[in-house]
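Open the model in a viewer and keep the selection panel at hand.

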Amino acid sequence: MMGSIRLLTITKEKKMLSDALLHDIAKTVAWALNEDLGQDLANTTKAQASELDITAALIPASNKAVATIINRDDCIVCGVAWVNEVFKQLDSALGHNDKNSENQTKVTWFVNDGQMAKANTILCEISGNARALLTGERVALNFLQSSFSNPFIVVFVFSNFFIG
């Protein structure tokens with residue numbers, strides 16, 4: 001099954017989307033994160049950003065995690081760029097945006113925008129800093145659920161927590 005699925009990378013995605021759309025996605029994601037966290041991430045320090053999500057702040061800052069997003073109903077996938085942008089902005093606010101940073105969030109997609117996905121398909125795997133994953137999951141899932149072709153339940157499953 002995995003051999004027939006093309007992984008969508010951020011580089012390929014940017015070639016497929018117009019500059020205007022990428023700009024709008026970034027603005028929309030920033031607005032959603034700011035509303036969710038109650039503060040503008042662009043105007044916070046790295047230390048302030050790591051404490052904005054009360055639940056995530058309970059996890060030590062050095063912990064790593066791996067999670068998957070799974071759909072619970074048949075759907076047509078849409079919203080990949082929004083999910084990627086959520087974690088890109090969180091990484092930037094938390095100081096994890098250096099490509100060599102072991103804390104940088106990695107999103108690996110197993111489906112593409114516009115693709116039909118049967119129920120219980122693993123749509124993507126997300127790995128990186130546990131606080132970033134916990135903080136971003138609400139906003140990322142909200143974008144996916146409002147973008148998909150039909151109302152359904154999508155689940156963000158944490159499969160591993162690593163103490164750093």
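Select Cys-78, which is partly exposed at a relative accessible area of 30% (buried is under 20%, exposed over 50%, partly exposed in between, with a 1.4 Å probe and protein chains only). This is a predicted model, in which local features need pLDDT of at least 70 and side-chain atom pairs pLDDT 80 or more, while totals for chains, interfaces and linings use all residues. Residues are numbered from 1 along each chain as its sequence is written, and side-chain values use heavy atoms, without hydrogens and water.

Cys-78 lies in the loop between β2 (75–76) and α4; helices (H or I, at least four residues) and strands (E, at least two) are DSSP runs numbered from the N terminus.

Next, select Leu-41, Val-86, Phe-87 and Trp-109, the residues with the most contacts inside the largest nonpolar core, which has 36 residues. Such a core is a set of buried Ala, Val, Leu, Ile, Met, Phe, Trp, Tyr and Cys residues joined through side-chain atoms within 4.5 Å.

Which residues line the largest cavity? Select Leu-37, Leu-41, Ala-49, Ser-50, Ala-56, Leu-90, Ala-93, Leu-94, Arg-131, Ala-132 and Thr-135. A cavity is a set of points on a 1 Å grid over the protein atoms alone where a 1.4 Å probe fits but cannot get out; lining residues have an atom within 4 Å of a point. α3 (46–51), α4 and α5 each supply at least two lining residues.

Note on methods. 1 Å grid on protein atoms, 1.4 Å probe; cavity = no way out; pocket = protein on both sides within 12 Å on 5 of 7 lines; lining within 4 Å.
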